[in-house]
Every structure is written in structure tokens, then in C-alpha cells.
Amino acid sequence: MPRLEPKVVQRELDQGQLWPVYWLHGQERMKSRELLKRIRRAALGEEGSGGLLGLSEETLDGADTAAEAILEAAQSPSLGGGLRFIVVRDAHAIKDPDALMELLGPRGTKDSLASVCVFISKDLDGRKKFSKALVEKAAVVPCEEVPDGEREAWIQYLLKRRGLVVGPKELGPLSARLVSLDPWSLDIVEQEIEKYSLHPASEVLLGGGSGDPDGLSGAGSDVFLEAFFARDLKAALRIAERFADQPDESLPLLGLIGWNVRQLALLASGSRGAKLNPYVAERLQRWCRNWKLEEILELQSELAELDFCFKQTPLLPLGLWSRLVMKFCRLG
């Protein structure tokens with residue numbers, strides 16, 4: 001059986017089809033968490049693991065549980081009736097997993113299966129005998145990081161799931177901010193959307209402020225990005241003074257700059273980058289006119305050095321930010 005995409009697994013679940021073994025692997029925890037919920041619902045019913053059905057479910061840690069113990073748990077009679085539902089976290093840490101091959105088998109309905117085991121792993125080592133058997137006889141589902149070109153669609157999904165309706169005027173800047181988070185994961189995006197839902201103003205994301213007397217709201221994010229990539233020395237220095245000594249603002253901002261610089265490098269070199277929404281694409285095109293490719297590459301190196309200095313040296317943050325701004329920006 002080839003590796004399955006999450007949407008294929010969902011379609012099978014909707015049809016009442018379950019695999020005895022699911023192996024969910026990858027760094028995107030929200031994908032595996034949501035898929036686990038849906039598999040559990042299909043296997044145990046709408047009540048999930050509540051009530052007597054809780055007697056049918058068991059959660060194990062792959063780092064602390066031998067393969068034989070997992071096998072025994074899956075083959076034990078269910079005290080609550082019906083099939084056994086076993087969740088194994090950190091499944092990549094299971095030692096000598098070959099004993100688990102006994103659990104592998106074809107799809108069936110929940111009435112025809114004795115157990116359903118969901119293994120959650122950070123990866124799948126394709127060189128192992130057990131991994132090859134998994135791919136052939138189990139539902140192996142990659143829960144990988146979301147590529148740049150798919151981030152906006154996921155943001156729209158998470159906004160809709162939260163019940164947020166964002167107008168066209170606000171959606172562009174909001175989506176641009178969320179797309180360019182660095183590091184980026186669905187959990188991080190959901191946290192930022194939750195902050196936005198509590199205070200629906202894009203400047204609350206990533207430590208942005210409001211009520212700025214100079215009209216420079218969101219000093220920790222969009223306003224600085226505009227000033228810096230426009231290479232406006234005076235404005236960038238003035239804004240940097242407000243966030244430089246606040247790590248909760250300056251470190252996420254450093255990630256935002258890094259993401260935008262990577263996109264600018266692709267644009268300046270003529271490479272085809274990720275598909276971006278019109279707001280982000282227009283902004284990058286505008287900024288790109290201010291930069292040569294060699295300057296962008298130099299900026300990438302400087303950002304890596306800045307990150308190191310923040311984390312490993314006692315140098316004052318304001319001095320570091322000022323040095324960056326003065327090196328790459330200029331007076332009007």
C-alpha cells in the first residue's frame with residue numbers, strides 16, 4: 001500500500017473503512033493530532049474515549065514500552081466491548097519493532113477488526129525491514145511541514161474554523177504576517193489567530209502595539225518591515241528603539257525579516273518561488289526594487305550573525321539592531 005495523504009484517510013473513514021495500523025509521521029503535530037481525533041471517532045464512535053469506551057483505549061509511550069507490550073495491549077480483550085484502540089506516541093523510539101508486524105493487515109470495518117493502533121512518530125526510517133512492511137500493509141500517513149505555497153490555504157482554513165470573518169482590507173496584511181512567521185507551524189499560526197480573535201487588529205500579532213503617537217502602530221512588525229526594506233534609515237532607527245530591548249518582539253521580528261529576505265532572494269535571482277497572495281507579492285516586488293541580489297545575500301549572512309549575537313553574546317540588542325539598520329538603510 002503506498003503512503004496515504006490525510007484527505008485519503010479521511011475519505012476512507014467516511015466510508016467506514018479502518019486500518020488495523022496507522023503510522024502518522026512528520027513534524028506537523030496539528031495534522032497528526034487532528035487525524036488521530038478522526039480515527040478515534042470512526043473507531044470508537046462519537047463519544048470518543050469517554051465513559052465505558054475509555055476502557056477500550058490505551059495510550060503508550062514508544063520510548064518506554066517494548067514492542068511485545070504494545071502487541072499484548074492491542075490483543076487484550078476490550079473491557080468496554082468492541083475493538084481495542086491503542087495510541088503509541090514517540091513511535092520512532094520503539095526498539096526492535098518487528099514484533100508489531102503481527103498487527104498489520106488489510107482494511108476493514110470496526111466490527112471486523114479486533115484492534116486499531118495509531119503510531120505517532122517524528123519520522124519513518126525507510127531502510128528498516130519493519131518500515132518496508134508498514135508501507136506495504138498499513139496506512140502510512142505523512143504529516144509533514146506545510147510548504148510555502150500551501151500556507152495561505154491553511155490560514156484561511158484555521159480562520160474559518162475559529163469562526164473569524166476578515167474583510168478584504170484586513171485579510172491581506174493579516175495573511176502576509178501569518179504566512180511569513182518563522183518558525184512556522186500550524187500550532188504557531190493557530191496561537192496567533194487566537195490572539196487576533198481576542199483583539200481583532202493585525203498589529204496585536206507578534207507583539208505589535210497600538211495607539212502609537214507617530215502613527216506607527218505595530219512597531220514590532222509591519223511598520224519596521226516597511227521602513228527597513230524601503231531602506232529608510234531615519235524611520236527604521238526610530239522604530240527599532242521601541243522593540244530592541246523586548247525579546248518577545250525582536251526575536252519573532254528577526255524571523256519575519258528572514259522569511260522576507262529569502263523571498264526577495266528568489267525574486268531577485270529570477271527563481272520561481274512559492275505562490276503568494278497578491279498583497280505579499282506586490283509588497284515584495286516593491287521592496288525588490290530597492291535591493292541588488294548581492295545585497296540581499298549579504299543581508300542573509302548578517303541576519304544569521306545577528307541571531308547568533310542575540311543568543312550567544314552579551315552585546316546590547318539596541319546596538320545590534322542599530323548596526324543592522326545603519327549597514328543596509330540610508331538617509332532619504
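**Note on the pockets and the open sheet**

1. The largest pocket is lined by 16 residues, of which E5, P6, K7, K31 and W154 lie nearest its centre; a pocket here is an open set of points on a 1 Å grid over the protein atoms alone, where a 1.4 Å probe fits, with protein on both sides within 12 Å along at least five of seven lines, and lining residues have an atom within 4 Å of a point. The elements giving two or more residues to this lining are α1 (6–14), α2 (29–44) and α5 (148–162), and α2 provides the largest share, five residues.

2. This is a predicted model, in which local features need pLDDT of at least 70 and side-chain atom pairs count only at pLDDT 80 or more, whereas totals for chains, interfaces and linings use all residues. Residues are numbered from 1 along each chain as its sequence is written, and side-chain values use heavy atoms, without hydrogens and water.

3. In the second largest pocket, the lining has five nonpolar, three polar and four charged residues, with Gly counted as polar and Asp, Glu, Lys and Arg as charged. Among the lining residues are D182, R262, D307 and K311.

4. An open sheet of five strands runs in the order β2-β3-β4-β1-β5 with parallel pairing, where pairing requires at least two DSSP bridges and a strand is a DSSP run (E) of at least two residues, a helix one (H or I) of at least four. Because β2 (57–61) and β5 (139–142) stand at the edges with a single partner strand each, one side of each is left without a neighbour in the sheet.
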